[in-house]
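Reader: I am new to this structure, and I would like to understand the words used for it before I rely on them. Could you go through them with me?

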Amino acid sequence: MSSLLNSTVAELSAALAARKISSVELTRACLERIARLNGDLNAFISTDEERETSLTAARRADERRARGDAGPLTGIPIAHKDILCTREFRTTCGSRMLEKYRSPYDAHVVRELERAGAVVTGKTNMDEFAMGSSSESSHFGPVRNPWAKGRVPGGSSGGSAAAVAARMVPAATGTDTGGSIRQPAALSGICGLKPTYGTVSRYGLVAFASSLDQAGPLAKSVADLALLMNAMAGFDERDSTSLEREKEDYSRLLNSQKIQGLRIGAPDQYLGEGIQPGVRKAVEEALRWFTEQGATRVNVELPHLPLGVAVYYVIAPAEASSNLSRFDGVRYGHRAGEYSDLIDMYERTRAEGFGAEVKRRILMGTYVLSHGYYDAYYLQAQRVRRLIVRDFQSAFERCDVILGPVAPTTAFEIGVQVDDPVTMYLGDVFTVPGSLAGLPGLSIPCGFDGSGLPVGLQLTGTYFSEAKLLGAAHRYQEATDWHLRVPTETPL
Amino acid sequence: MSLSDDQIRRLARLARLALQPGETAEVGSRLNRILELVGQIQAVNTAGIEPMSHALDVVQRLRPDEVTEADRREAYQSVAPAVEEGLFLVPKVIE
């Protein structure tokens, strides 16, 4: 049973295809592991306690296999971040505002994975409305890191990352606005991919910052990420920013991508000040592995990169303040119990329904969009956003991949940064620039610091270079075993 | 640039967020620290740079103005806090 839980999606898929296991057995094993560990980790907000939904889906998947109508994900148990709308489970966004919300429809990603035959085991915990980098701002309490339960798993997709790391499910979905897939993958010692903006439909993804939000997969190996992407990505006319492109096979370069001749840009500021020594060492060693395999390190400069955090924390709150205006206690979600009139109802509903970080971002967004400050903050941030995009564009004329850390630190202790938004925001320094530019970013484990906490390596590529990033990372994962380590505090 | 208590109260009103009496100062001090951080962008020379409102410079797709969704009013209203005869209920706004 333990080897089953420790298997990758690709291995499980092969075992299902060979009829060595059934999806019902596999799903039951995952549900038991979830039931055993979730009290401790708080990775899930909603689980399938009755086991009816998941086991019915698993039975259907086994029938599909028997009919010869199965794909690689048919019968594979997964979990969805609780920001993706599902009819089967409530969709809370980690917020009191949506504590009881049951969506009348499925998100595009949810539907596509269902069509592929994946079995949903539950909905994972997250920072409230995906606003955070630690999964502590959830109304349902903080998620704990399987490598050190006193520490955060990263965020905002921290529940998905912890669930995969703790071997509760072999894969999960996440969403990334400024690093919310990549950073929790790094802090939890697993793999995560933020696709090119527009690649995965946002239909049914509760909006935080619409010009940045992208859904993507989290799993133990990059080969698994490719399998999930093959189901998740693709044009959807219900998302006005979905890109009309042909379906692509994200696995196509897994066995053919060459490291020889790959031009790697590793900007100095990615390996300089403010980075924990253990993080720098692991990332430098990974860089050395790539150059030893024949990759060339080329000099690239991204002069506006240090402004990424400042730009992001204008643009994302601005979009959030607009998107979250829909939560008014009229059409869905929480409504205050007592109020004197309509305005009072709105104000109390929102004061009760939102937590501190969400309120801060709404207020900040309202400020930067308000009369007299719009030009100085919002428009200026949008201009600097273009400068950052241009930096990347000129960098990608000289290199194929930009390599660096995902985050400047490993997992930090629960509670220490929760009241210090500025410190928390600065931790996003390496992930927000790629988000602002809409670029794909891959996070893979590349070692451990002196305390045994995982370090994540980030590979950023130009638009639509996911298959290349996955291929290069797959070479690395064939030669290393960082991604196969089982978290010390959740042994099998 | 620093926000006064009055400005915080005004923003809260614009954002339709009720702040508790004691909350204003605390919210203000955190917002002011965030403003200090994001204020860095004001020193950047952006003369002649077009604002970028989107991650990619692509034109938004248009579709014919046709009804594509089925009527699912009941399903959508089933999650509303207060509904009567197909209408969302709110406190009386006209005397």
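Author: A helix here is a DSSP run of H or I with at least four residues, and a strand is a run of E with at least two. By that count there are three helices and two strands in chain B, and from the N terminus on they run α-α-α-β-β. Please keep in mind that this is a predicted model.

Reader: What makes chain B more spread out than a compact globule?

Author: The globule rule gives 12 Å for 95 residues, whereas the radius of gyration of chain B is 22 Å, well over that value, so chain B is called more spread out than a compact globule. Its C-alpha trace spans about 55 × 45 × 25 Å along the principal axes, and 16% of its 95 residues count as buried.

Reader: Why is chain A called as compact as a globular protein of its length?

Author: Chain A holds 16 helices and eleven strands. For its 492 residues the globule rule gives 23 Å, and the radius of gyration of 21 Å is close to this, so chain A is as compact as a globular protein of that length. The C-alpha atoms fill a box of roughly 65 × 55 × 45 Å along the principal axes, and 64% of the 492 residues count as buried. Among contacts in chain A between residues at least 6 apart in sequence, 77% join residues at least 24 apart.

Reader: How do you know that A:R167 is buried?

Author: A residue counts as buried if 20 or more other C-beta atoms lie within 10 Å of its own, and A:R167 has 23 of them, so it is buried. Its place is in the loop between α6 (158–165) and β4 (171–176) of chain A. Leaving aside neighbours within four places in sequence, A:R167 is in contact with A:L5, A:N6, A:R33, A:V486, A:T490 and A:L492. Its C-alpha atom is separated by 9.2 Å from that of A:S2, which is 165 residues apart from A:R167 along the chain.

Reader: Why are α3(A) and α4(A) called roughly antiparallel?

Author: Helix α3 (residues 23–41) and helix α4 (residues 52–67) of chain A pack at an angle of about 155°, with their axes 8 Å apart. Angles over 145 degrees count as roughly antiparallel, and α3(A) is therefore roughly antiparallel to α4(A). Their crossing is right-handed. Among the residues that make the contact are A:V24 and A:L31 of α3(A) and A:L55 and A:A58 of α4(A), and the contact divides into five nonpolar, three polar and two charged residues.

Methods: Residues are numbered from 1 along each chain as its sequence is written. Chains are lettered from A and ligands numbered from 1 in the order in which they are written. This is a predicted model: local features need pLDDT of at least 70, side-chain atom pairs count only at pLDDT 80 or more; totals for chains, interfaces and linings use all residues. The radius of gyration is taken over C-alpha atoms; the globule rule is 2.2 Å times the number of residues to the power 0.38. A residue is buried if 20 or more other C-beta atoms lie within 10 Å of its own, exposed if 12 or fewer, and partly exposed in between; C-beta atoms are placed from the backbone. Two residues are in contact if their C-beta atoms, placed from the backbone, lie within 7 Å. Axes are lines fitted to C-alpha atoms, for helices over the stretch in contact, and angles run from 0 to 180 degrees between N-to-C directions. Angles under 35 degrees count as roughly parallel, over 145 as roughly antiparallel, 65 to 115 as roughly perpendicular and the rest as oblique. A crossing is left-handed if the near helix is turned anticlockwise from the far one by less than a right angle, and right-handed if clockwise. Ala, Val, Leu, Ile, Met, Phe, Trp, Tyr, Cys and Pro count as nonpolar, Asp, Glu, Lys and Arg as charged, and the others, Gly among them, as polar.
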